[in-house]
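Dear colleague,

Please find the structure below, handed over for your review. My notes on the chain interface and the aromatic rings follow it.

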Amino acid sequence: MTVIPETGAETLGRQESRAWKKLKSNKIAIFGFAMVMFFIVIAVLAPVLPIADPNATSWTAIRQPPSAAHWLGTDEIGRDIFSRMIWGAQASLLAGVVSVAIAVTLGVPFGLISGYFGGWTDQIIQRMTDALLAMPFLILAIALAAFLGPSLTNAMIAIGLSAMPIFIRLTRGQVLAVKTEDYVEGARAIGLSHGKIIRRYILPNVFPPILVQATLTVATAIIAEASLSFLGLGQQPPSPSWGSMLNTAKNFLSQAPWMALWPGIAIFMVVIGFNLLGDGLRDALDPREN
Amino acid sequence: MLSYIGRRLLIAIPTLIIVSIFVFSLQKILPGDPVLAMAGEDRNPETLEYLREKYRLNDPVIHQYFYWIGGALQGDLGISLRTNQPVTQLIAAKLPVTIQLAIMSMIFAFAIGIPMGILSAVKKGTVLDYVANIVALSGLSIPNFWLGIMLILLVSVNLGWLPASGYEPFFRDPIRSLETMIMPAFVLGTALAATLMRHTRSAMLGVLQADYVRTARAKGLSEKAVILKHTFRNAVLPIVTLSALLFGELLAGAVLTEQIFTIPGFGKLIVDAVFNRDYAVVQGVVLCTAIGFILMNLVADVLYVLLNPRMRQAL
């Protein structure tokens with residue numbers, strides 16, 4: 001009797017349901033997920049929420065402390081901070097998600113090729129990865145953003161490219177662990193093409209750690225976008241972004257401390273949300289924990 | 001040991017070459033003509049041609065690269081467009097400031113992160129462990145530039161205890177120097193402390209389950225001796241390696257910290273260069289950072305071998 005090897009997708013299916021159950025029972029991770037969802041919902045609903053125009057200035061309401069009219073106060077040119085905070089969530093989340101999408105889209109294929117084919121291809125990709133990893137994440141992002149020109153789109157590209165080597169390394173490591181498994185050897189023995197083996201047997205097995213890393217990297221990317229915007233290399237005025245709001249706020253610390261308070265709390269909350277969710281996903285998807 | 005270091009240095013060479021190609025190509029992805037940026041207001045064709053010749057921009061790209069890397073290998077990273085000073089000289093002047101900030105930050109990171117990690121592992125599952133984990137997670141999630149702003153607001157603006165900005169070289173006025181650097185170092189140190197705490201906890205938990213720790217307890221050794229002599233000594237290995245690797249994080253953090261506290265260091269140099277479109281300085285700083293990071297990786301590997309008797313014997 002012939003035993004048909006289990007495919008990566010089948011193993012993953014079982015892992016998925018077990019991991020999902022585990023994640024649902026992890027209250028801290030669910031709390032993180034709820035925080036992330038809260039920010040996603042307000043970012044998506046920003047255009048339809050009954051809030052002030054985030055760019056509308058008012059010379060009669062300059063640097064006003066929180067009040068019934070302006071829940072979180074106003075900034076140095078009388079703009080409503082609450083409204084700018086909500087619109088700023090869009091920039092932060094967009095930057096976090098898009099830059100990680102760039103990093104994953106470029107990093108995973110390079111990692112797959114590097115790990116699967118080995119040899120010279122692997123050597124070349126790995127030396128390039130070493131070189132990118134030798135430049136600290138934020139410094140690389142600053143240099144790229146500087147040369148590409150300051151804008152939110154370029155900041156996302158810069159952060160995405162800077163985060164890419166982490167995904168190349170991670171994917172390659174996973175591929176090396178999986179490619180000697182019986183079901184991959186079996187697939188190779190029956191003459192499946194490299195493309196099919198990678199798609200059907202390898203990719204599903206490298207997916208869980210990539211998902212965990214992607215979640216944690218969104219947190220890092222949000223801080224990176226805020227940092228670039230804080231330095232003036234991300235979102236450009238007058239469009240709101242939490243980082244650029246902090247950049248302005250630092251000039252009015254003694255006159256309007258509330259300007260610096262809210263954007264920082266928002267960054268902290270959304271980042272801790274992604275970190276808690278990422279930690280929970282790691283625990284749920286780690287086979288040693290099951 | 002020397003041959004091991006030699007081998008590791010050889011492995012670093014291709015990485016360095018790729019880094020240099022990358023840093024060089026940064027200038028090439030720049031939209032527009034770099035000569036226009038150099039010339040400023042003077043758009044006289046003769047001046048532009050003179051600059052193109054001077055910087056060999058009419059040569060093939062590959063020649064330009066070799067010209068640039070040849071200079072870099074002799075310590076010539078070009079001239080700052082803004083100040084007209086050699087980039088190497090600018091970097092050398094700013095480096096001691098950032099090194100002082102880095103050392104003070106590491107002191108904070110070790111003083112907070114390691115005891116917290118040990119306590120958290122020893123008291124695993126207790127309230128103390130949960131609190132330490134929450135503090136560490138918060139440390140990782142707080143943007144350090146915001147923490148800096150909040151500290152300035154509290155300590156400098158409201159309480160008036162410490163200066164909000166400025167820098168004094170340590171050897172000129174040590175007290176004033178510590179006063180100006182203590183807040184930035186704390187800000188930069190907290191993020192590193194969080195990473196150190198998490199790794200110390202995890203390394204300690206791994207060692208605490210080892211047979212020799214159980215044997216040490218069975219021999220009747222005091223808990224302090226078991227933790228410090230038998231557990232921590234063995235857990236320290238990955239922590240030492242990590243500390244060397246935190247160098248990159250430290251430099252990246254310094255960029256923002258120096259900006260907030262107006263410290264004239266390496267980080268501020270790159271940000272100012274970016275805004276002044278002083279690309280030679282940006283390239284120089286990125287190249288030096290990468291070389292520093294590769295060297296720190298080497299130090300981490302060598303320390304790992306030196307501290308691990310099994311690895312020493314394997315060499």
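Between chain B and chain A there is 1 salt bridge, a term used for a side-chain nitrogen of Lys or Arg within 4 Å of a carboxyl oxygen of Asp or Glu. Its partners are the side chains of Arg198(B) and Asp279(A), at 2.8 Å from N to O. On the side of chain B that touches chain A, the elements giving two or more residues are helices H1 (2-29), H6 (127-141), H7 (144-158), H11 (247-260), H12 (266-275) and H13 (279-307) of chain B. Helices here are DSSP runs (H or I, at least four residues), numbered from the N terminus. By class, this side of chain B comprises 34 nonpolar, 8 polar and 1 charged residues; Ala, Val, Leu, Ile, Met, Phe, Trp, Tyr, Cys and Pro count as nonpolar, Asp, Glu, Lys and Arg as charged, and the others, including Gly, as polar.

The model is a predicted one, in which local features need pLDDT of at least 70 and side-chain atom pairs pLDDT 80 or more, while totals for chains, interfaces and linings use all residues. Residues are numbered from 1 along each chain as its sequence is written, chains are lettered from A and ligands numbered from 1 in the order in which they are written, and side-chain values use heavy atoms, with hydrogens and water left out.

In total, 43 residues of chain B are in contact (heavy atoms within 4.5 Å) with 42 residues of chain A. The two chains bury about 3,600 Å² between them, 86% of it on carbon and sulfur atoms; buried area is the accessible area (1.4 Å probe) lost by two parts on being put together, summed over both.

Turning to the rings, the structure holds 12 aromatic pairs over all chains. Rings of Phe, Tyr and Trp (its six-membered ring) pair if their centres lie within 6.5 Å; planes under 30 degrees apart are stacked, over 60 edge-to-face, and the rest tilted. Phe39(A) and Trp242(A) are edge-to-face, at 5.8 Å centre to centre and 75° between the planes. Because Phe39(A) lies in helix H2 and Trp242(A) in helix H9 of chain A, this pair ties together parts that are 203 residues apart in sequence. Both residues are buried, that is, under 20% relative accessible area (1.4 Å probe, protein chains only).

Phe230(A) and Phe145(B) are stacked, since their centres are 4.6 Å apart and their planes at 25°. Phe230(A) lies in helix H8 of chain A and Phe145(B) in helix H7 of chain B, so this pair joins two chains. Phe230(A) is buried at 2% relative accessibility, and Phe145(B) is buried at 0%.

Yours sincerely

Methods. Buried < 20%, exposed > 50% of the residue type's maximum accessible area, 1.4 Å probe, protein only.
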